[in-house]
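Please open the model in your viewer and keep the selection tool at hand.

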Amino acid sequence: MGLTFENVDLTEIGQATLDTLTMLGFSTLFTVLIGLPLGVLLFLTSKGQLLENRAFYAIASFVVNVLRSVPFIILMIMLIPLTKVLVGTSLGVKGAIPPLVIGAAPFFARLVETSLREVDRGVIEAAQSMGASNWQIIWNVLLPESRPGLIAGITITTVALVSYTAMSGVIGGGGLGDLAIRYGYQRFQTDVMVVTVVILLVLVQILQTLGDRLVIRFSRK
């Protein structure tokens, strides 16, 4: 027998999609707010940069690498006590956001650092020769010059967060991942699984296309 989609509840699918979008929106926002300054700091304190500090860079780099290397499903479980302290629960949309941010922010920070390294060193030196302060160099040179790379980094991170939100369903995080696990896996309702996968694929395609267009728009030819 083929798929009949008789088990698909559009209301439930709609709510799960909204939950996923909520998790994705808030986690992306906080990931950028934390990961951007962290990435800038990693770049500035690395060897040969404006605020070179080998000790700080080594420690920060180690922490970032550790958080990046822990599989997200394990990280979520490890962070359950901290999540309860931060938001009062480890379940649902609210409980999924802290581990999503902690898992994605270090990843995004590395992308930020890489993007900043692509900025022409001569542009930075020219700004220094004109008496620009470190803050002015960051705000008026580094960030504008690396904007296409930063947008690409946000796009990559957001797409990664889509898969993270799906995995959060394993511990009751809500959203499409939770729906796919509860119905598609535990109750063998393949039609529900197919619908959730299709929605996630469409969401990823939309995000990637939007990100690519923004990169092209802000790239200097």
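## Helix contacts and ring pairs

The first stop is a pair of helices, α1 and α2, which are oblique to each other, because angles under 35 degrees count as roughly parallel, over 145 as roughly antiparallel, 65 to 115 as roughly perpendicular and the rest as oblique. Select residues 10-44 for α1 and residues 54-69 for α2, and you will see axes that come within 9 Å and cross at roughly 140°. Axes here are lines fitted to C-alpha atoms, for helices over the stretch in contact, with angles running from 0 to 180 degrees between N-to-C directions, and helices are DSSP runs (H or I, at least four residues) numbered from the N terminus.

This is a predicted model, in which local features need pLDDT of at least 70 and side-chain atom pairs count only at pLDDT 80 or more, while totals for chains, interfaces and linings use all residues. Residues are numbered from 1 along each chain as its sequence is written, and side-chain values use heavy atoms, with hydrogens and water left out.

Next, select α7 and α8, whose axes come within 5 Å and cross at roughly 60°. Their contact (heavy atoms within 4.5 Å) is made by Leu143, Pro144 and Glu145 of α7 together with Arg147, Pro148 and Leu150 of α8.

Now turn to the aromatic side chains, where the structure holds two pairs; rings of Phe, Tyr and Trp (its six-membered ring) pair if their centres lie within 6.5 Å, and planes under 30 degrees apart count as stacked, over 60 as edge-to-face and the rest as tilted. Select phenylalanine 72 and tyrosine 164, whose ring centres are 4.3 Å apart with planes at 5°, so the pair is stacked. This pair links distant parts of the chain, since phenylalanine 72 belongs to helix α3 (residues 72-78) and tyrosine 164 to helix α8 (residues 147-167), 92 residues apart. Both phenylalanine 72 and tyrosine 164 are buried, where buried means under 20% relative accessible area, exposed over 50% and partly exposed in between (1.4 Å probe, protein chains only).

For the last stop, select tryptophan 135 and tryptophan 139, whose ring centres lie 5.7 Å apart with planes at 15°, so this pair is stacked. The two residues are four apart in helix α7 (residues 134-145), and are therefore separated by about one helical turn. Tryptophan 135 is exposed, with a relative accessible area of 57%, and tryptophan 139, at 52% relative accessibility, also counts as exposed.
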